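Subject: Structure for your study

Dear colleague,

Please find below the sequence and structure that I am handing over to you.

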Amino acid sequence: MKNITVIGSGTMGNGIAHLFAQQGFAVSLVDLSPEQLSMALTTISKNMDRQVTKGTLSESQKMSALQRIQTHTDLAMAVVQADLVVEAATENLEIKLELFRQLDQLAPATAVLASNTSSISITQIAAVTKRPAQVIGMHFMNPVPVMKLVEVIQGYATSAETTSQIMQLALQLDKVAVEVQDYPGFVANRILMPMINEAIYTLYEGVAGVSEIDTVMKLGMAHPMGPLQLADFIGLDVCLSILSVLQEGFGNPKYAPCPLLRTMVAAGFKGVKTGEGFYCYPAGTKDFTVSSRFSK
Ligand code: NAD
């Protein structure tokens with residue numbers, strides 16, 4: 001695999017493009033608008049600068065990696081030479097089904113079509129294509145260039161050959177890949193999201209404040225980040241979508257998203273990406289404080 005097309009250049013898509021380009025692959029990065037793509041390139045460049053400062057990437061490696069990324073708003077142009085497509089568009093079933101219908105028609109017959117979905121069924125996505133054996137889940141963690149894990153999700157019809165290709169590719173990317181079966185939330189989010197939801201319920205019911213809840217989990221359980229900060233980092237809209245998939249997929253009310261999470265997403269307070277969630281993230285600084293809505 002040499003040519004990789006990444007669909008969606010948001011939080012995950014820009015990280016996935018960064019990773020593949022840094023590892024020497026030719027990357028076509030696709031999004032709906034040139035403005036979004038230009039923001040993504042700026043983010044990738046800034047994140048690479050951080051690696052240069054740390055000494056893990058040289059300035060010339062950074063420049064070569066950036067040159068390997070081409071941006072597109074035209075899907076057909078972006079996939080014409082793809083060996084692998086990694087879809088990282090918005091976590092929405094209809095958007096993903098429509099994208100995979102189009103990708104199946106536009107990408108070379110030999111291309112593998114992967115989704116970075118956090119929770120949507122790979123089997124269901126594969127079923128809208130004529131190549132379900134070549135459709136697979138490739139679930140990277142955020143931030144992609146830093147986090148070691150890739151969950152590799154086998155849909156009902158995914159072939160052993162496709163799985164082995166993707167497991168090998170993950171090794172080439174210097175990641176640790178874990179094979180899992182296609183059930184709602186796979187492994188990572190089936191375990192993580194109920195914990196985040198419970199943290200939000202704990203806040204909602206007034207058991208403790210934002211920083212108290214996060215401190216308990218950081219110092220008590222040795223988590224590097226508290227669950228409310230992590231929810232902000234993932235995106236509260238993404239957390240809500242995943243919990244809704246778990247609730248619907250298992251038909252179990254224990255996954256019902258906390259009303260506070262629904263309200264915050266409806267109000268547009270989605271965490272880091274919108275500048276405010278449980279915490280406030282002032283632009284241009286790494287400092288953040290508990291949102292005044294939750295301070296005592
Ligand atoms: P995001 O909202 O930051 O970015 C999504 C991008 O997709 C946006 O730039 C949007 O313009 C673009 N997009 C939407 N429809 C498109 C289309 N038809 N064609 C091209 N681009 C399109 O979302 P994100 O957090 O990067 O999540 C992307 C995917 O990765 C989701 O499936 C999500 O579940 C998954 N994921 C997210 C995280 C996380 O921590 N945020 C972690 C692992 C997996």
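Lys-148 is found in the loop that connects β6 and β7; helices (H or I, at least four residues) and strands (E, at least two) are DSSP runs, numbered from the N terminus. With a relative accessibility of 45%, Lys-148 counts as partly exposed; buried means under 20% relative accessible area, exposed means over 50%, and partly exposed lies in between (1.4 Å probe, protein chains only). Leaving aside neighbours within four places in sequence, Lys-148 is in contact with Asp-174, Lys-175 and Val-176, where contact means heavy atoms within 4.5 Å. The C-alpha atoms of Lys-148 and Leu-261 are separated by 29 Å, and the two residues are 113 residues apart along the chain.

Please note that this is a predicted model, in which local features need pLDDT of at least 70 and side-chain atom pairs count only at pLDDT 80 or more, while totals for chains, interfaces and linings use all residues. Residues are numbered from 1 along each chain as its sequence is written, and side-chain values use heavy atoms, with hydrogens and water left out.

Loops and backbone

One of the contacts of Lys-148 is Asp-174, which sits in the loop between α7 and β8. Asp-174 has a phi near 65 degrees, a positive value in a residue other than glycine, and is partly exposed at a relative accessible area of 49%. Phe-186 also has a positive phi, near 55 degrees. Phe-186 belongs to the loop between β8 and α8 (188–204) and is buried, with a relative accessible area of 4%. In the loop between β6 and β7 lies Pro-143; the peptide bond that leads from Asn-142 to Pro-143 is cis, with omega near 0 degrees.

The sheet and its helices

In what order do the 8 strands of the open sheet lie? The order is β3-β2-β1-β4-β5-β6-β7-β8, and the pairing is mixed; two strands pair if DSSP finds at least two bridges between them. At the edges are β3 (69–72) and β8 (176–181), each of which pairs on one side only. From one strand to the next, the twist averages 25 degrees.

Strands β4 (residues 84–87) and β5 (residues 112–115) run parallel and are joined by 4 bridges. Within this pair, Val-86 has Ala-114 of β5 as its bridge partner. Strands β7 and β8 are also parallel, with 6 bridges, and Ile-153 has Val-180 of β8 as its bridge partner.

Helix α5 (residues 93–106) lies across β1 (3–7), β4, β5 and β6 (135–140), at about 170 degrees to β5. Helix α7 (residues 160–172) lies across β4, β5, β6, β7 (149–154) and β8, at about 25 degrees to β6. Such axes are lines fitted to C-alpha atoms, for helices over the stretch in contact, and angles run from 0 to 180 degrees between N-to-C directions.

The nonpolar cores

The largest nonpolar core holds 33 residues, of which Ile-16, Phe-20, Leu-84, Met-138 and Phe-140 touch the most other members. Such a core is a set of buried Ala, Val, Leu, Ile, Met, Phe, Trp, Tyr and Cys residues joined through side-chain atoms within 4.5 Å. Helix α1 (residues 11–22) supplies the largest share of this core, 6 residues. Apart from this core lies another, of 26 residues, among them Leu-240, Leu-243, Leu-260 and Leu-261.

Salt bridges

How many salt bridges does the structure hold? There are 8 salt bridges, each being a side-chain nitrogen of Lys or Arg within 4 Å of a carboxyl oxygen of Asp or Glu. In one of them, Lys-62 pairs with Asp-49, with the closest N and O atoms 2.6 Å apart. Lys-62 lies in helix α3 (residues 59–67) and Asp-49 in helix α2 (residues 34–54), so this pair ties together parts that are 13 residues apart in sequence. Lys-62 is buried at 7% relative accessibility, whereas Asp-49 is partly exposed at 31%. Elsewhere, Glu-87, Glu-91 and Lys-96 are linked in a network of salt bridges.

Yours sincerely,
A colleague
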